[in-house]
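User: I would like to go through this structure with you, one topic at a time. Could you begin with the terms needed for the strands?

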Protein chains: 2
Amino acid sequence: MTDPVLDFWFDFASTYSYLAAARVRPLAAAASVRVRFRPFLLRPIFQAQGWDTSPFNLYEAKGRYMWRDMERLAAGLNLPFRRPDPFPQNSVLPARVALVGLAQGWGEDFSVAVYTAQFVEDGRIDKPHTLAEILSFMNVDAPAALEAAQSDEIKLRLRSEVEAAQMLGVFGAPSFTTADGELFWGNDRLEQALAWAKRIG
Amino acid sequence: MTDPVLDFWFDFASTYSYLAAARVRPLAAAASVRVRFRPFLLRPIFQAQGWDTSPFNLYEAKGRYMWRDMERLAAGLNLPFRRPDPFPQNSVLPARVALVGLAQGWGEDFSVAVYTAQFVEDGRIDKPHTLAEILSFMNVDAPAALEAAQSDEIKLRLRSEVEAAQMLGVFGAPSFTTADGELFWGNDRLEQALAWAKRIG
C-alpha cells in the first residue's frame, strides 16, 4: 500500500505559504501522507478577477491585518518573520527554478529556502543572484539550474500548472488538493487537508 | 478580579459567523473569558471597498469554495447547515433586534437562534415574522421588541457600532477584538483570540 497523496499549491510571493511550507513536511510525515510540492502563480488568477496586485495591497484594512496576523502566527510557531519590501515580489523565476528542482530531488529544500530568503532575510527572490546563492549553498549547479528554468519546457510546465490549479478551483495560496478533488485553502487548513487525504487514502 | 473580555463582532448574514456564534459561549466559558456579542453590518464596510454584495458572490471560485468549506466545517462540528436562499440576506433588522435584546438579557440566545433560522431552517431573517417567531419562542414580547428595534436610539446605536468596528480595523466577520486593541479575523481565530484575551486579562 502506498501513502495517500496531498498536493500543496503555493506561490513564492504568498505570506501564508511561507508558514505552510515550513509546516507541511513534518506534519505530513507524522500523518504518513505524501506531499507533492506544486509551485504555481497567483498573479494570472488574480488578474482574471480584475486585480493588478495582491488583495493585501488593494484592501488596506485587510493588508494591515495580514501583516499583524503573520507576526502573531510566526511568533507562535517560533518562526522568524519580517515584512519584505517590495511586496508582492515577482515569483515567476523561483517557481520555474523550483520546477527544475522538483524533478531533480532538490525542489522542496529549495522552496523552503526561497521563503526564508524572502521572509526572514529580506532578499529579492525575483533576482537570479538570490536564487543562485541558495542553489550554491545546496550544492546545486546554479548556472545550469537557472538556465534550465528559462527553457521552453519549464515555462510551459509552469503555465500548465497554473491552469491545473485553476481547474481544481484554486483561487489563493497556499491551497491543498486531494485525489478525490477536495480543495482546502489556507495555512489554517493544512491539518484538515492531511486528515482528509489520510481518510480517503 | 474580573474575567478578561473579548468582543465578538458578527454580521447576521455571515456564514462563518454562524459557526463562531455556535462555538463562542462554551469556549469562552471554558477559558473564563467574558464575551460581548457585538452585532454590526458588513455592508457599509464592503461598500467602502467598492463591493455591492458579498465577496463570495463577487468572486465565483471563492464563493464555491466557501460553501464547500462551510459544509465540511459544520459536519466536523456536528452542526446542521444548509445554504440559504437568497444570500446574503439583509441583516439590518436582526442586528437592531439583537441590540435591543443585548440590553435586556436575551440578545445572545436570540443571536444564536437567528443563525439557526437562516442556516438550518432556510428562514428569511430580513422578515419581521421570522424574528417575531424566534422572540415568541423565547417568551419575549415580540411586538415591543420589534418596535424598539426601529427606534432612533437603536438605529443610531447600530450605526455607531459599525463605526466602532471600522475604527478597530474590522473588515470581515466574524472578528474578535481584545482590550489592548488586537484584532482577530475569522471563526478559525476564535481559540487564538480567547487565549490572547486571557493572557492580557
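Analyst: Two strands are taken to pair if DSSP finds at least two bridges between them. The model is a predicted one.

User: Understood. How do strand S3 and S4 of chain B pair, and over how many bridges?

Analyst: Strand S3 (residues 175–178) of chain B pairs with S4(B) in the antiparallel sense, over three bridges. Within this pair, B:Thr177 stands opposite B:Leu183 of S4(B).

User: In what order do the strands of that sheet in chain B come?

Analyst: The sheet is open and has four strands, in the order S2-S1-S3-S4 (chain B), with mixed pairing. Strand S2 (34–39) and strand S4 (183–185) of chain B are the edge strands, and each pairs on one side only. Neighbouring strands of this sheet are turned against each other by 25 degrees on average, with direction ignored.

User: Which strands does helix H10 of chain B touch?

Analyst: Helix H10 (residues 190–200) of chain B packs on the sheet and touches strand S1 (5–10), S3 and S4 of chain B. The direction of H10 makes about 10 degrees with that of S3(B).

User: And chain A: what is the order of the strands there?

Analyst: In chain A, four strands form an open sheet in the order S2-S1-S3-S4, and the pairing is mixed. Strand S2 (34–39) and strand S4 (183–185) of chain A have a single partner strand each, so one side of each is left without a neighbour in the sheet. Here, neighbouring strands are turned by 25 degrees against each other on average, direction ignored.

User: How many bridges join strand S1 of chain A to S2(A)?

Analyst: Six bridges join strand S1 (residues 5–10) of chain A to S2(A), and these strands run parallel. A:Val5 stands opposite A:Arg34 in S2(A).

User: Changing topic to the two chains together: which rotation superposes chain B on chain A?

Analyst: A rotation of 180 degrees with 0.0 Å of shift along its axis superposes chain B on chain A, with an RMSD of 0.0 Å. The two copies are thus related as by a two-fold rotation axis. The C-alpha of chain B nearest the axis is that of B:Asp188, at 3.7 Å from it. Both copies use the same surface, as 100% of the contact residues of chain B recur in chain A.

User: How many residues does each chain bring to the contact?

Analyst: The contact takes 11 residues from chain B and 11 residues from chain A. On the side of chain B that touches chain A, helix H4 (60–76) and S4 of chain B each supply at least two residues. H4(B) gives the largest share of that side, four residues. By class, the side of chain B that touches chain A holds six nonpolar, two polar and three charged residues.

User: What does the model score in ipTM and pTM?

Analyst: The model scores ipTM 0.94 and pTM 0.95. For chain A the mean pLDDT is 96, and 100% of its residues reach 70 or more.

User: Now the helices. At what angle do the axes of helix H5 and helix H8 of chain B cross?

Analyst: The axes of helix H5 (residues 92–102) and helix H8 (residues 142–149) of chain B cross at roughly 110 degrees and come within 8 Å. H5(B) and H8(B) are therefore roughly perpendicular to each other.

User: Which residues make that contact?

Analyst: H5(B) contributes B:Leu93, B:Arg96, B:Val97, B:Val100 and B:Gly101, while H8(B) contributes B:Ala145, B:Leu146, B:Ala148 and B:Ala149. The residues of this contact of H5(B) with H8(B) divide into seven nonpolar, one polar and one charged.

User: And how do the axes of helix H5 and helix H6 of chain A cross?

Analyst: The axes of helix H5 (residues 92–104) and helix H6 (residues 107–119) of chain A come within 7 Å and cross at roughly 155 degrees. That makes H5(A) roughly antiparallel to H6(A). In H5(A), A:Pro94, A:Val97, A:Ala98, A:Gly101 and A:Leu102 meet A:Gly107, A:Phe110, A:Ser111 and A:Val114 in H6(A). This contact of H5(A) with H6(A) has six nonpolar, three polar and no charged residues.

User: Finally, the backbone. Which residues does a cis peptide bond join in chain B?

Analyst: A cis peptide bond joins B:Phe87 and B:Pro88, with omega about -10 degrees. B:Pro88 is found in the loop between H4 and H5 of chain B. A cis peptide bond also joins B:Ala173 and B:Pro174, with omega about 0 degrees. B:Pro174 is found in the loop between helix H9 (152–167) and S3 of chain B.

User: Where does A:Asp122 lie?

Analyst: A:Asp122 lies in the loop between H6 and helix H7 (128–137) of chain A. A:Asp122 has a positive phi of about 55 degrees, although it is not a glycine.

Methods. Residues numbered from 1 in each chain as written. Chains lettered and ligands numbered in written order. Predicted model: local features only at pLDDT ≥ 70, side-chain atom pairs only at ≥ 80, totals over all residues. Axes fitted to C-alpha atoms, helices over the stretch in contact; angles between N-to-C directions. Contact = placed C-beta atoms within 7 Å. Nonpolar A, V, L, I, M, F, W, Y, C, P; charged D, E, K, R; others polar. pLDDT = per-residue confidence, 0-100. Parallel < 35°, antiparallel > 145°, perpendicular 65-115°, else oblique. Least-squares fit on C-alpha atoms with pLDDT ≥ 70 in both.
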